[in-house]
Every structure is written in C-alpha cells, then in structure tokens.
Amino acid sequence: MTERPTAQTIRQARERLSGMIHHTPLVASQSLSSLVGADLRLKPENLQVTGSFKIRGALNKVAAVRQSEPTVQTVVTASSGNHGQAVAWAARHFGLSAHVVVPKTAPAIKVAAARAFGADVEFCGTRSRERLDRARELARINGYVFIPPYDDPAIMSGQGTIGLEILDEWPDVDVVVAPIGGGGLISGIATAIKETRPHVRVIGVEPTGAAKAWQSRRSARRVELPTTESIADGLITLSLGHLTHPIIEQYVDDLVTVSDEEIKEAFWLLLTRTKLVVEPSGAVSVAALLSRRLVLDPKTRVVAVLSGGNVDPAVVSTLSAH
Ligand SMILES: Cc1ncc(COP(=O)(O)O)c(C=O)c1O
C-alpha cells in the first residue's frame, strides 16, 4: 500500500469491513437544520460498534497486519481512548492480544471498554507524544505490531468509508463537516469525497485550545503545539501526522475552531433535540455549524459527522447542568 489512502483503498476497506460494522444512517433534524441555517443531516458514528468511527480504521488495519504478518500475536497502540477500544475489539475479533497505552486523563468509560474487550491498558503521561513513544518502544522491545491511531494509510482508508457511505446515501450533498484530532478521520473522508466528487466541500473542525491544523495552515508547515486543552479529549493531539498533514492541506477546503462553551451547547442540543448522546469530540461539527462561522445558504445540504459517543455519565450530567 502507498503512503496515502486513495478512492480504491477506501473501496477495498469497505469490502473488508462489510458485515462487521454498522452502516450508520444519515439522520435529518428539522430543529437543528433551522438553528444552523442549512439542510442538515447527521452521521451518527456514536451508534457505531465500540461507540465511535475508530473501529473502521482499526479493523481495516488489524486485518491487513494479520494478512501480511500471519505470525503476529500481539498488537500495541497509543490512544486517547476510542482508538484503543477499537483496536482491542479488532484484536479480539482476529484472535490477537492487545496492549493499549492511554493518557492518565482518559475517560473511565473508554478505559473500561478497552479492558472489557480483553486489552491490557497502560497509563502514560497526558500528551499524545508521550504515549506514542511508549507504544513504539513496547513494539520494539516485545515484538508487538504497532497500530497507529491516525498516521497510516490503512487506518485512513477505514475512516474514509464514512465518506463513501455519505455519498451513496445523499448523492446531492454539498458540504461535509468532520472533527480533526491527528487528522486520520478527515483525511480518509476528504480522500473519498474529493477523489469521487471534487465539488463537495469538506470542512475540518478543531477546538480553539488545540488548533493544530489551523495553525499549520497559517504557518504553511506542520506545527506541533506545546500544549493543548479542551473538553474534546479525542481532539487534543499536539500535531497532525506526517501523512495526514499534506492530505488535509490538499483536500480540506476550510478549517473552523470552536470553544468549549460552543461544544457544550452543541452537546446539549444534540441530546435534547435529536436524543443522541455524543461525546464532546463528536459534537464539534455541530458546534461549528451553530456558530455560523461557515456561511451557508438555507438550501445547502450539509452532513455533520458525529464521530463518537463515549462520554462518562458523570460528564453527561455536568454538561447537562451547563
Ligand atoms: C470521538 C472522536 N472524534 C474524532 C477524533 C479525531 O480523529 P483523528 O485523530 O483521526 O483526527 C477522535 C480521536 O480519538 C475521537 O475519539
């Protein structure tokens, strides 16, 4: 496989994942459409197997590893939580062991799920770089196979299957809005969309406290932020990947940042208006649309990707109290 996903590798991923994951439906909401001023449909990956889109890339990658290295026994990964759960699920599916390195601040619900799927969970620091280094070190010392969280063509191809599903279900879509952490999700989606229907706009959303793609675009180079902070725990990566950065520069039309207050508002509206429980990282697309920072016509057909729903119940009540 080449260094980047293509429409073809994404179609192959769709074949591979077929029957293993849910085809999440596009959900229309009149009340959210009128609040954002566009014809809005939601892609609820909070309802996906393991509660986030991450299972798409994890299954595609673990299946590829199993094919190319049939003697592999253990996979290792670094994750803010959702990718770890997904790798644990995928490893168990293929009869492998999984070791997952997560930050000390990982939500309890994500840690519990990774353990429930049979993974060994190790806590390491709070920053994405620390846990990535630790997971690579474990791979080197113990002969585990490292499953990257985003900077990998098979991972991006798996995530890109969301783009194909959107185009199949709503061929007239004009705009797709998705969150950016390390950039694997949006790189896959943007590749699927731009290599099939280039006129569809792709918009990336980050928290104001973790605007690595926005800063990188402004500086015309891949920027690593010294620190990041947001309630969107899946999006506080310090930098885009070496592979995801050029794809985002090529294919993502616009970048929008949203504050934690705006994310909380989006969380609340999703819960009360659509009855969907979406974690803060998954609510940023709707937060960006609600902010009206994107100028859209009321007839514009927009899909907001709700990327996950793994939020601790205690956080749900704090966010609801807000
Ligand atoms: C719910 C959720 N949304 C979005 C992302 C960002 O994905 P990526 O790192 O591929 O940009 C993550 C990453 O952990 C996540 O957990």
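A: Let's start where helix α9 stops: alanine 220 follows α9, and its phi is positive, near 55°. Bear in mind that this is a predicted model, so local features need pLDDT of at least 70, side-chain atom pairs count only at pLDDT 80 or more, and totals for chains, interfaces and linings use all residues. Numbering runs from 1 along each chain as its sequence is written. Helices (H or I, at least four residues) and strands (E, at least two) are DSSP runs, numbered from the N terminus.

Back up into α9, residues 212-219: Lys212, Ala213 and Ser216 are its buried residues (20 or more other C-beta atoms within 10 Å of their own, C-beta atoms being placed from the backbone). These residues lie on the same side of α9 because they cover an arc of only 95° around the axis, taken from the directions from the helix axis to the C-beta atoms.

What covers them? The cover includes β8, α10 (244-251) and β9, with contact meaning C-beta atoms, placed from the backbone, within 7 Å. Those two strands run parallel, with 5 bridges joining β8 (residues 201-207) to β9; valine 205 stands opposite valine 256 in β9. β9 is mostly covered itself, with 4 of its 5 residues buried.

Zooming out, the open sheet has 6 strands in the order β1-β2-β10-β7-β8-β9, with mixed pairing (a pair needs at least two DSSP bridges). β1 (27-28) and β9 (254-258) are at the edges with a single partner strand each, so one side of each has no neighbour in the sheet.

Notes. Buried ≥ 20, exposed ≤ 12 C-beta atoms within 10 Å, placed from the backbone. Contact = placed C-beta atoms within 7 Å.
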